Amino acid sequence: MNAAVRAWAVVPAAGRGSRMGTELPKQYLQLAGRTVLEHTLSALLAHPQIDGVTVALSANDPHWPGLESLHGKPIVAVTGGAERADSVLAALRHELPSHHDQTWMLVHDAARPNLHPQDLTRLLEALSNADCAGAILASRVADTLKRADAQQCIAETVDRSTLWRALTPQVFRRRTLRQALERAQTEGVVVTDEAMAIERQRQTVQLVEGRADNLKITTPADLELAAFLLQQRLQKGSL
């Protein structure tokens with residue numbers, strides 16, 4: 001039986017989340033007694049296969065509480081950048097004694113606090129697929145999709161049978177991901193997730209079906225839903 005994969009997590013948390021419409025960055029909004037970011041970090045570090053987290057923050061972030069550990073595991077803070085990819089790169093370039101080129105680096109959105117441990121376990125198990133450079137959590141598209149024309153009328157109905165929504169975490173070897181992000185940066189391409197950078201290198205990424213309630217908080221309604229979901233988990237004792 002193969003040994004369980006171990007990984008180090010990266011959480012890009014330098015963004016402001018302007019669509020939330022609040023003065024406070026959304027990762028620092030209160031959610032079930034803690035900040036969104038603290039819930040996210042706790043969900044990662046509570047998993048036995050995650051060894052630590054690097055958090056990429058905005059320069060001189062006044063809201064960061066200075067956390068150095070959770071669940072007995074280290075939290076390392078670094079300065080991120082203007083774009084998500086810049087923040088992930090800053091974390092990947094930060095040298096730690098436990099890191100090397102083949103370290104599995106698991107990138108997770110700061111505003112996805114409702115990550116279930118079972119999803120994380122299945123994602124890490126998928127890394128045994130030697131034909132893939134890494135893997136991401138994703139969910140199948142359930143809604144009927146329409147493509148619009150220039151007048152915002154329906155041009156066609158899109159076949160959804162092969163379409164998935166990309167979620168996080170997304171996990172790749174440190175060197176593989178760093179090189180893919182650096183190449184996109186050099187070529188002036190803004191990648192919207194880590195998998196996109198890997199795809200541009202003609203490498204295969206495995207889709208691992210995850211729970212649809214692994215939502216990313218973007219609007220006030222999302223925050224209310226996340227609070228409800230976390231409260232339900234607390235009542236069931238699954239946090």
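The legends below describe close-up views of a predicted model. Local features are given only where pLDDT is at least 70 and side-chain atom pairs only at pLDDT 80 or more, whereas totals for chains, interfaces and linings use all residues. Residues are numbered from 1 along each chain as its sequence is written, and side-chain values use heavy atoms, with hydrogens and water left out.

View 1. Helices (H or I, at least four residues) and strands (E, at least two) are DSSP runs, numbered from the N terminus. Along its principal axes the C-alpha trace spans about 55 × 40 × 40 Å. Of the 239 residues, 47% count as buried, where buried means under 20% relative accessible area, exposed means over 50%, and partly exposed lies in between (1.4 Å probe, protein chains only). Among contacts (heavy atoms within 4.5 Å) between residues at least 6 apart in sequence, 69% join residues at least 24 apart.

**View 2. Strand S1 (7–13) and the strands paired with it.** Seven of the seven residues of S1 are buried. Ala 7, Ala 9, Val 11 and Ala 13 point one way from the strand, while Trp 8, Val 10 and Pro 12 point the other way. In a regular strand the side chains alternate between the two faces of the sheet. Strands count as paired if DSSP finds at least two bridges between them; S1 pairs with S4 in the parallel sense over six bridges, with Ile 50 in S4 as the bridge partner of Ala 7. Four bridges join S1 to S7, which also run parallel, and here Val 10 has Val 107 in S7 as its bridge partner.

**View 3. Strand S11 (164–173) between its antiparallel partners S7 and S8.** S7 and S11 are joined by four bridges, and Val 107 stands opposite Gln 170 in S11. The pairing of S8 with S11 extends over six bridges, with Arg 140 opposite Trp 164 in S11.

**View 4. Leu 41 in helix H1 and the largest nonpolar core.** A nonpolar core is a set of buried Ala, Val, Leu, Ile, Met, Phe, Trp, Tyr and Cys residues joined through side-chain atoms within 4.5 Å. The largest such core has 32 residues, of which Leu 41, Trp 64 and Leu 106 touch the most other members. The elements that give two or more residues to this core are S1, H1 (36–45), S4, S7, H3, S8 (134–140) and S11. Leaving aside neighbours within four places in sequence, Leu 41 is in contact with Val 11, Val 53, Val 55, Trp 64, Leu 67, Leu 70 and Ile 75. Eight of the 10 residues of H1 are buried, so the helix is largely enclosed by the rest of the structure; among them are Val 36, Leu 37, His 39 and Thr 40.

**View 5. Helix H2 (84–93) and its buried residues.** Ala 85, Ser 87, Val 88, Leu 89, Ala 91 and Leu 92 are buried in this helix. These residues pack against strands S1, S4 (50–57), S6 (73–79) and S7 (104–107), and against helices H4 (174–186) and H5 (194–199).

**View 6. Selected salt bridges, from the 13 in the structure.** A salt bridge is a side-chain nitrogen of Lys or Arg within 4 Å of a carboxyl oxygen of Asp or Glu. The side chains of Arg 6 and Asp 51 meet at 2.7 Å, N to O; Arg 6 lies in the segment before S1 and Asp 51 in strand S4, so the pair ties together parts that are 45 residues apart in sequence. Arg 6 is partly exposed at 43% relative accessibility, and Asp 51 is partly exposed at 31%. Arg 84 and Asp 109 form another salt bridge, at 2.4 Å, N to O; Arg 84 lies in H2 and Asp 109 in the loop between S7 and helix H3 (117–125), so this pair ties together parts that are 25 residues apart in sequence. Asp 109 is buried, at 5% relative accessibility, and a network of salt bridges links Arg 84, Asp 109, Arg 112 and Glu 194.
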